[in-house]
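Subject: Structure for you to look at

Hello,

Here is the structure I said I would pass on. Please open it and keep it beside this email while you read the notes below.

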Amino acid sequence: MSTEANTGIKRTSGLSGRVLLPLLPVVLLGAFFGYLISVMGAANMFNTLFATAHDLLLNTVLYLMGICVLAGAVGRLLLEFGTVGIMELLLRPLMKPAFNLPGKASLAAVMTFFSDNPAVISLANDRDYARSFKAYQLVSLANFGTAFGMGLIVVTFMGTKHIGGESMLVPAVIGVLGAIAGSVVSTRLMQRFSKAHLGEADHVSSEQTQEQSTEEQQDAGTSIGLKFLNACLDGGKSGVELGVAIIPGVLIIATVVMILTFGAGPEGYTGAAYQGVAVLPELGSVLSGVFSALFGFQSAELIAFPITSLGAVGAAMTLVPPFIAKGIITGNEIAVFTAMGMCWSGYLSTHTAMLDTLGYRSLISSALLSHSIGGLIAGVFAHYAYLAYAVIL
């Protein structure tokens, strides 16, 4: 009797799960679009969504793709001619005292700076590289490398902006210092969590230490000119791939964030691009004192940048031109945006896959918590460093 009852309960719960789960996205999307339509009207809402996505694609994504192509070419050149190796040697002395990592870890920072977060995985999966690390150190490499992800693109994008006729290059450099500070905090915190689980064991055991002969394939007959050209073209091609890869994140995430950030136009809702329901500023105004103290934000709308950076820094960068056009950001915000954009660089969308690939899925929550704190520290450091710079100047 009890067995039959239990079986009946299981069947009922399984049936309800099969019915309710498909309905969940319908309910969530219905609530989201229902609210937008109630405020903006159906026609205006759809026109605004399409107009915003179209404008982002033409005026922001293609601009970012251009940066990606050029940055990819420069990065591949530096790799091909050994410049990255020299940079790694220069950075090695900082690794142990600042990050508690072996000198080889500096290569991860350089690689992700010139490309993106997943570059860490290709390094960590190289057994010859990974055997220099304790297990708890290798796990923290995901946090360490992510703090520099897409760094060259973020700094180039921010540094080329002009606000009030003033170049934003110095604020962007201050932002890089903030990202480094956030990386130290994130990496050290992650090591604290992972060491409790993994102890002092090496990542690669003595039985696994079968050295893979790394063949350095240098084409003897390749001239320097051809090598230079191939590096530029291959790097540019990887830049195109990265530029294409950010399109979904930019068009989906940034469009939603913008419609939640901006309000109606001067003439009300007309279906034009960059109109919305201004929910995020309302939420931000509740904590405006906190954001002002931590980051120096004077407008509640600015919280949209760090929120978007959690999922995709490429999408977050698309928010900067509208903010500049509205006159609500200064050098301080550029410094904070650069720091948080680099440090977080879409870690919510990459950290899970990265730790799963490394084989430490159980530590994903610790990695996310550590990096969340690190990104906040990066923004705070950049804000107060910019204030110090402004006083000295």
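Is F32 buried, exposed or partly exposed? The model is a predicted one, and in it F32 has a relative accessibility of 25%, so this residue counts as partly exposed. Buried would require under 20% and exposed over 50%. F33, at 28% relative accessibility, also counts as partly exposed.

Now the aromatic rings. A pair of such rings is described by how far apart the centres are and by the angle of the planes. The structure contains 11 aromatic pairs. One of them joins F32 and F33: the ring centres are 5.2 Å apart and the planes stand at 75°, so the pair is edge-to-face, given that angles over 60 degrees fall in that class.

F99 and F144 make another edge-to-face pair, with 4.8 Å from centre to centre and 70° between the planes. This pair links distant parts of the chain, since F99 belongs to helix α3 (residues 83-99) and F144 to helix α7 (residues 135-146), 45 residues apart. Both F99 and F144 are buried.

There is also one aromatic cluster, formed by F291, F295, F297, F305, F323 and F337.

Last, helix α8 (residues 151-159). Of its 9 residues, 8 are buried, so the helix is largely enclosed by the rest of the structure. Among the buried residues of α8 are G151, L152, I153 and F157. The ring of F157 has the charged end of K161 sitting over it, 3.8 Å from the ring centre.

Regards

Technical notes: Residues numbered from 1 in each chain as written. Predicted model: local features only at pLDDT ≥ 70, side-chain atom pairs only at ≥ 80, totals over all residues. Heavy atoms only, no water. Phe/Tyr/Trp six-rings, centres within 6.5 Å; stacked < 30°, edge-to-face > 60°. Buried < 20%, exposed > 50% of the residue type's maximum accessible area, 1.4 Å probe, protein only. Helix = DSSP H or I, 4+ residues; strand = E, 2+ residues; numbered from the N terminus. Lys NZ or Arg CZ within 6 Å of the ring centre and 35° of its normal.
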